[in-house]
Amino acid sequence: MRKPLLSLIFLVLLPGFILAQSTFKVKGKVTDAKTGEALIGANVVLKPSNYGGVTDINGDYSFDVPNSIANGQTAELTASYINYKKSTIRVVLNGSNITQNFTLEEDVFQTEEVVVTGIASKTSKSVSDVAVTRIPVAELTEKQNFQSVSQLFVGKIPGVKVSLASGNVGSGWSFFIRDGGGINGNGQPLIYIDGVRLDNFNFGYNTGGQLLSSLSNLNPNDIENIEILKGPAAASTYGTNASNGVVLITTKSGKGAAAMGIGKNYSIGYQFNYGVNSQVFKYPSTFSNADTATNPLFANNGYIREHSLSIRGGTGIISYFASIQNRFESGLIPEQNWMNRNNLRLNLNIVPAENLSLKFSSAYSFSKIRRPINDNSVFGWLLNTLSYFPAYSRLKAEEIMAISDLLNTTQFVGSFSATWKPIGDLEINVGAGIDNSFMQDQYKIPVTYGNRYSTSYIGSYSDFSRNGDNFTYDANARYSFKDLFFPNLNFSTVIGTQIIERRNWSRNITVQNFLHPDVTNLGAGKDVTTKNDAASNNKQAGIFTENTFSYEDTYNLKLAFRRDYATAIGFEAPAITYPSVGLSVRIDKFDLLPNDFNLFKVRAAYGESGQLPGADDGLPLMYSAYSGGTGLGYGFRSIGNVSIEPERVKSFEIGFDTEFMRMFALEFTYYNSTASNSIVNASAAQSSGLGAYSVPVNVGGVEGHGFEGSLRFNPIRTADYDLNFTLNWSYQTNKVTNLGEAAQITGASQTIAILKVGSPKWEFWDYLPTTPKFNATTLKYAGANLTSEKVDLGNPFPDHSGTFSFDFRFMKNFTLSALMEWGLNVKVWSYSVRRAVAAYCYEPVLPMQIKLGLTTRTLPGVSALTPGTQEYIDVANEYVKYDPSAGSYGNFVFDADYFYIRELTLAYNFTDLMKEYMPTSLFSELNAGLSVRNVFKSSKYEMDPDVNTNGGTVGGVGTDFATLPQPRTVNFWIRFNF
């Protein structure tokens with residue numbers, strides 16, 4: 001019995017002995033050079049092979065290397081860790097075990113961070129010719145919880161402002177980058193997820209500013225980092241439609257070696273989050289119904305539950321990252337505002353050979369969102385409480401509660417890419433991806449309350465749906481030459497192509513007058529009041545080349561251009577070419593600066609991009625069906641211009657980056673942009689016989705400039721304490737220079753933000769009341785006289801804005817962080833105040849309205865005055881400033897400078913406790929924390945200036961039309977890995 005048992009043990013252990021004899025071990029420890037602390041999760045890689053390891057909770061790493069690759073040659077062993085400078089040591093591979101420790105220095109400016117600087121180019125920040133900002137999302141999500149991707153951008157990037165449409169759960173948002181680019185388009189950047197061009201749009205039916213962003217489906221915990229290319233100087237090689245910048249989102253990938261400990265090739269992470277949305281901003285008592293109806297309505301707590309599970313690891317040639325998340329969140333009216341979002345992700349990296357690597361990225365999401373009908377709707381809560389007296393004078397609470405708006409969404413984003421190095425320094429890259437989405441909005445007004453909602457129908461059901469497919473195809477080849485012509489001169493050239501195809505289908509139908517309250521499907525509606533469908537197929541293709549020269553890592557020059565073709569360009573218009581050039585010089589490489597300067601780089605870049613014409617702008621004539629009293633018929637839908645070209649935006653930026661005393665990092669950029677060939681609609685020539693139609697022409701223009709600065713300061717760094725400060729400051733201004741024959745161009749409906757030559761884009765312009773008018777017979781107040789011309793009333797975008805943040809690690813394992821945000825010279829146009837005045841609900845104005853005899857409402861000690869008396873005239877002179885029926889809106893533009901404490905987080909890392917008390921613990925890392933968003937908000941505007949009524953529509957920014965303020969969100973989270 002004993003002999004067979006020994007034989008069995010020998011057979012089991014034999015492969016291990018063979019493996020042990022055929023490999024040698026590389027091991028060591030990675031620590032912080034200043035504090036001596038172990039660095040957990042640092043990568044150690046043996047180059048040029050793909051063998052490597054990751055440090056465990058003690059900072060130790062270990063991995064095996066086959067003896068077959070060891071023939072006495074010298075190789076590079078490199079240790080790297082996020083926010084630290086790499087360390088490389090040359091070792092001899094002769095089959096013997098290697099023990100090598102590393103001490104890494106903090107990278108204050110993140111000089112060695114590799115960032116994207118073009119469609120097919122990456123380089124370290126130390127030599128980049130443009131300002132590239134990277135958001136380390138994986139780090140941020142380790143410290144706190146984020147409800148949506150939008151919160152990752154807020155306050156993190158100089159020159160980038162994010163405006164949320166509403167405080168309702170599931171509402172959309174819009175970007176404003178630098179000076180907002182040119183005139184055309186919606187002002188939004190191109191967005192890529194793992195190389196896939198996202199169909200960036202805002203979706204919704206009959207819900208005003210609560211439109212849903214297509215980014216809302218993305219799980220923030222899946223993201224590794226986000227990079228922002230601001231303006232054409234940086235984004236030129238991305239071609240047409242990149243004039244507002246490019247957002248590059250990279251999701252997490254696998255770990256190719258030991259993930260969290262020696263001999264362990266995977267890490268499983270779980271996070272639970274419990275949160276509460278609560279009312280941070282109460283409507284002021286200047287509104288009659290604020291304390292009795294509106295504030296109590298939004299005083300509810302909306303609860304948040306989130307479960308996230310992920311696995312990350314790898315073995316052999318494959319590494320992987322997979323995750324699943326469920327998030328349920330309710331708003332301040334939980335019954336009518338909630339979101340249930342589900343996310344699945346699988347990313348694979350495969351290296352079948354040393355010269356070939358493959359990447360697969362896939363994400364699927366499905367969600368349901370219910371939203372209350374606020375913002376621009378007579379069925380909304382705010383317009384039926386805040387702006388009416390008595391409250392609910394139009395609709396009762398139970399009637400509004402019965403209205404249903406349900407949004408169903410599904411989205412798949414997937415991509416494949418391959419990198420092949422067939423010979424030497426030749427690299428070939430190919431990729432393809434798809435963004436497929438389906439969104440359906442179902443809006444129902446029930447029969448239950450008869451014709452309470454309208455005198456014309458009983459019950460209504462609207463169904464609006466949209467399918468979208470975005471295809472992205474990329475291919476490029478790069479070749480690098482070292483020591484070209486003379487030593488230390490390196491040259492790299494890349495040539496490639498990109499093809500984008502967008503297909504969209506949409507349909508909508510509305511039925512009314514249900515015969516029975518319990519049967520409310522589309523087929524049960526007696527009358528079909530609206531029906532339509534639409535489809536579009538847009539294609540865009542570009543070829544590009546980029547050439548870079550580098551001498552001694554001191555002088556760096558980049559030359560590039562892209563030529564674009566698109567179906568939206570006019571039939572007779574040529575393709576369009578966008579050039580770019582950039583230069584950077586490392587001054588610290590010369591003996592000119594004190595030794596305290598670790599980096600001093602000056603840089604300059606020029607680039608061009610644009611915005612495509614509208615889908616119909618280049619088509620000579622488009623027809624559509626119309627219905628009227630005589631039945632159906634056909635007519636012109638649009639008249640195009642076969643010579644129409646894309647808008648062209650040129651941008652120049654110059655700046656410097658410096659790191660000194662190993663605790664300061666400063667980045668500064670000045671930029672100037674000019675848009676020309678902007679598309680403006682002009683009246684069709686009378687000789688065309690086309691009637692009162694407009695034709696798009698390339699005549700518009702706009703100029704802008706500004707600066708951005710970012711200062712980071714790390715005054716304390718020890719084993720137990722680490723303090724970091726970051727200050728961002730931005731200034732921007734712009735001016736419309738040409739609109740052709742158009743005196744001005746209006747923005748979204750119900751707004752006074754317009755385009756006007758000589759003033760900034762979307763400036764508020766309107767007439768102002770001057771003096772009262774009186775009835776000649778009764779002498780009663782009869783309205784207001786207006787200024788003879790429109791008056792400049794300011795801009796909804798701040799010209800100065802900034803953030804201040806700090807991260808403080810104390811007592812080794814506690815972390816306290818905060819983010820503050822401010823904006824100066826901001827204006828808000830308040831339709832909310834105007835409606836309240838018109839409904840006799842605005843307390844500062846109500847006494848004047850009573851004295852003038854404009855309302856039957858009463859107040860103690862206030863009575864109507866006698867028309868024609870001096871006292872009556874004096875009150876009229878004061879009231880005219882607030883008259884909502886004066887024929888203008890300009891008297892309701894208010895100062896809205898703001899200061900917010902956006903984020904506050906306290907977290908604790910339990911890893912050291914586990915090491916001390918649970919040496920064989922199942923958990924390799926455990927963190928818990930409490931984070932608060934929208935901690936404090938203060939503004940000159942008496943309500944919340946953080947508004948954007950029309951979601952992603954630029955013309956609606958800064959318009960408060962019954963827009964619900966954002967809530968305060970408190971999250972408690974616990975996260976562990978095992």
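Y84, at 12% relative accessibility, counts as buried.

Before going on, a word on the source. This is a predicted model, in which local features need pLDDT of at least 70 and side-chain atom pairs count only at pLDDT 80 or more, while totals for chains, interfaces and linings use all residues. Residues are numbered from 1 along each chain as its sequence is written, and side-chain values use heavy atoms, with hydrogens and water left out.

A pair of aromatic rings is described by the distance of the centres and the angle of the planes. The rule used here covers rings of Phe, Tyr and Trp (for Trp, its six-membered ring): two rings pair if their centres lie within 6.5 Å, and planes under 30 degrees apart count as stacked, over 60 as edge-to-face and the rest as tilted. How many aromatic pairs does this rule give? The count comes to 46. In one of them, the ring centres of Y81 and Y84 are 5.5 Å apart and the planes are at 55°, so this pair is tilted.

Which residues form one aromatic cluster? They are F597, F600, F656, F660, F664, F668, F707, F713, F725, Y731 and F804.

Rings can also have a charge over them. The condition is that NZ of Lys or CZ of Arg is within 6 Å of the ring centre and within 35 degrees of the ring normal. K444 has its charged end over the ring of Y461, 4.7 Å from the centre. Likewise, the charged end of K756 sits over the ring of W765, at 5.1 Å from the ring centre.

Now the whole chain. It has 11 helices and 52 strands. Helices (H or I, at least four residues) and strands (E, at least two) are DSSP runs, numbered from the N terminus. Of the 978 residues, 53% count as buried. A compact globule with 978 residues would have a radius of gyration near 30 Å, and the chain has 31 Å, which agrees. That radius is taken over C-alpha atoms, and the globule rule is 2.2 Å times the number of residues to the power 0.38. Along the principal axes, the C-alpha atoms fill a box of roughly 115 × 70 × 65 Å.

Contact means heavy atoms within 4.5 Å. Among contacts between residues at least 6 apart in sequence, 68% join residues at least 24 apart.

Is α8, residues 831–838, mostly covered or mostly open? Helix α8 is mostly covered, with 7 of its 8 residues buried. Those buried residues are Y831, S832, V833, R834, R835, A836 and V837. They pack against several elements, including α6 (381–385), β47 (827–830) and α9 (846–851). Just after α8, Y840 takes a positive phi of about 60°.

That brings us to the backbone. Most residues other than glycine have a negative phi, and most peptide bonds are trans. N488 is not a glycine, yet has a positive phi of about 75°. N488 lies in the loop between β27 (460–481) and β28 (489–514), and is partly exposed, with a relative accessible area of 38%. N513 is found in strand β28, and its phi is near 65°, again a positive value in a residue other than glycine. At 19% relative accessibility, N513 counts as buried. As for peptide bonds, the one from F389 to P390 is cis, with omega near -5°. P390 is in the loop between α6 and α7 (397–402).

Last, two residues in strands. Q411 is in strand β25 (residues 404–420) and is buried, with a relative accessible area of 7%. What does the side chain of Q411 make a polar contact with? The partner is the side chain of N217, at 3.0 Å. A polar contact is a pair of N or O atoms within 3.5 Å; within protein, one must be able to donate a hydrogen and the other to accept it, and residues adjacent in sequence count only if both atoms are side-chain atoms.

N349 is in strand β23 (residues 338–353) and is also buried, with a relative accessible area of 18%. Leaving aside neighbours within four places in sequence, N349 is in contact with S253, I317, I318, S319, L358 and K359.

Methods. Buried means under 20% relative accessible area, exposed over 50%, partly exposed in between (1.4 Å probe, protein chains only).
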